[in-house]
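Trainee: I am new to this structure. Can we go through some of its terms together?

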Amino acid sequence: MSFARKPAWATSLVLLTPSLLWAEESGIDSGDTAWMLTSSALVLMMTIPGLALFYGGLVRSKNVLSTLMHSFFCAAIVSVLWVLYGYSLAFGPDRWCGLVGGLDFVGLKSLINTSQGTIPALVFVMFQATFAIITPALISGTFAERMRFPAFALYMILWVTFIYSPLAHWVWGGGWITTRIGALDFAGGTVVHISSGISALVTAIYLGRRVGHGHEPMPPHNLPFTVMGASLLWVGWFGFNAGSALKSGQLASVAFINTNTAAAAAALGWLLAEWARTGKPTMLGVASGAVAGLVAITPGAGFVTPGASIVIGAIGGIVCYSAVSLKPKIGYDDALDVVGVHLVGGTIGALLTGVFATVLVNPDIPKLALGVAGGGPALLLKQFLAVVVTYLFAGIGTLVILTIVNAVFRLRPDTEDEIVGMDLSQHSERAYAIGGEPIALAVDGIGEPKPAMAPPVPTDRFAIALDNVDLEALSSYWRNLCQADGAPPTEEFKSVYRNFSTIRGNKFYFRSGDRENVRRNMESLFKGVSANVKATLAS
């Protein structure tokens with residue numbers, strides 16, 4: 001965050017001994033406080049429901065609830081961890097040579113009735129909490145549809161503790177990037193976007209591709225969800241960037257207009273690039289472009305002019321589109337383009353801040369950049385060093401975390417659980433009671449079949465015939481088992497259902513699976529209809 005409009009000695013106190021400053025500050029400004037409360041709410045809205053809807057609409061319908069859960073869980077777990085120790089690690093007085101904050105603020109009890117500048121200290125804590133919430137939630141887009149929930153939960157806890165909190169301390173809490181490099185990051189280019197983007201890339205490579213990736217279609221199941229989510233992100237980003245001024249005033253006003261302008265320029269840039277390449281502009285493209293522009297302007301929102309924000313946004317939109325377009329050629333499976341938007345966009349924004357930063361917007365740049373007066377080779381070098389440090393720290397740290405989590409919980413679900421979807425396999429619920437995919441169900445004479453996202457693979461299809469059972473009773477029994485609001489599915493049913501295709505008479509057809517295992521489970525499952533039922537492989 002920027003500690004603008006303070007003399008140099010006050011800036012140093014905020015960074016190095018915040019507890020002393022809070023004890024001595026006396027005046028709380030109601031206007032500044034109201035703005036920061038509003039900004040905190042806006043940034044929280046970016047995660048729930050903004051990011052949740054943006055990501056949720058992009059996945060297949062069998063995974064939408066698990067994707068929403070990622071954002072909601074981050075809001076819950078990080079909120080608690082931030083109060084317990086996360087804030088103290090990020091913004092506590094430096095104890096270990098600029099690497100991490102001390103534990104002076106554990107539980108926040110010592111911050112009650114203190115102030116941070118012209119706002120209550122706890123308002124600043126809450127504002128920072130919303131940044132800590134959205135950053136790991138951003139990573140979830142890369143592993144959507146293919147990570148077990150226990151592994152996800154531990155991953156998020158470890159990442160916030162050992163990656164986000166130290167990095168926030170380095171950049172905003174008086175750590176070594178601030179005091180020794182002097183790189184500028186107004187609202188999170190390195191701390192939020194580059195850290196989440198490089199972690200997403202490492203995670204995508206470590207996990208491998210989704211089942212069917214590259215040869216089965218995986219289109220978004222609800223683009224209106226995604227557009228609503230992108231719209232909420234756009235609006236919420238005003239709190240993200242303009243709130244980082246930490247008060248209402250001229251600096252917040254510049255950050256506010258820069259945020260809107262860059263988002264608009266990037267939306268147009270992405271749209272034009274896509275139009276030129278494919279012949280048609282898409283709604284998904286323009287929404288993704290706006291998010292790319294918001295990412296790109298984040299590090300420089302309080303350091304550059306509105307004219308420069310147009311350039312940053314347009315470059316961000318075009319380059320991020322190009323990065324996303326290259327993904328199939330490179331081969332990694334970044335499900336929701338976290339790398340192409342946040343890693344690439346954050347890097348562009350951080351570097352271009354080194355080009356366009358000016359004291360006309362923020363007179364504190366020489367103090368924050370350790371003597372560098374504005375954009376140019378010297379500041380660009382500082383920005384580059386901060387980017388490289390973030391790449392290395394977050395990338396290597398994430399690889400270590402993934403290795404630990406995989407040893408404890410196992411990251412990937414079984415193939416069959418991934419095929420049936422994360423909603424059912426991880427949470428035993430489904431988003432939609434009617435329709436859905438990927439499994440087509442059809443019982444002769446009973447309703448419409450559920451649509452399949454991809455045709456069955458013909459090379460491994462087989463059928464199981466059930467004898468010694470009344471066909472009407474069999475049909476009725478199966479229909480009841482398949483109801484979304486019925487009893488929780490048994491293991492036998494889940495094993496049968498995940499590869500089931502259709503039924504004709506007494507024959508059940510399957511697209512794949514262990515034939516003998518399916519046969520045994522079918523026979524066991526239908527003992528409830530007839531004790532003498534016999535299941536056999538049929539031609």
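Trainee: What makes the contact of Lys 327 and Asp 337 a salt bridge?

Mentor: Their side chains come to 2.7 Å, N to O. A salt bridge is a side-chain nitrogen of Lys or Arg within 4 Å of a carboxyl oxygen of Asp or Glu, so the pair qualifies. Lys 327 lies in helix 12 and Asp 337 in the loop between helix 12 and helix 13, so the pair ties together parts 10 residues apart in sequence. Helices (H or I, at least four residues) are DSSP runs, numbered from the N terminus.

Mentor: A word on the source. This is a predicted model, where local features need pLDDT of at least 70, side-chain atom pairs count only at pLDDT 80 or more, and totals for chains, interfaces and linings use all residues. Residues are numbered from 1 along each chain as its sequence is written, and side-chain values use heavy atoms, with hydrogens and water left out.

Trainee: Why is Lys 327 called buried?

Mentor: Its relative accessible area is 14%. Buried means under 20%, exposed over 50%, partly exposed in between (1.4 Å probe, protein chains only), so Lys 327 is buried. Asp 337, at 21%, is partly exposed.

Trainee: How do you know that Arg 146 and Asp 333 form a salt bridge?

Mentor: Their closest N and O atoms are 3.7 Å apart, within the 4 Å limit. The pair links distant parts of the chain, 187 residues apart. Arg 146 is buried at 0% relative accessibility, and Asp 333 is buried at 1%.

Key: Helices (H or I, at least four residues) and strands (E, at least two) are DSSP runs, numbered from the N terminus.
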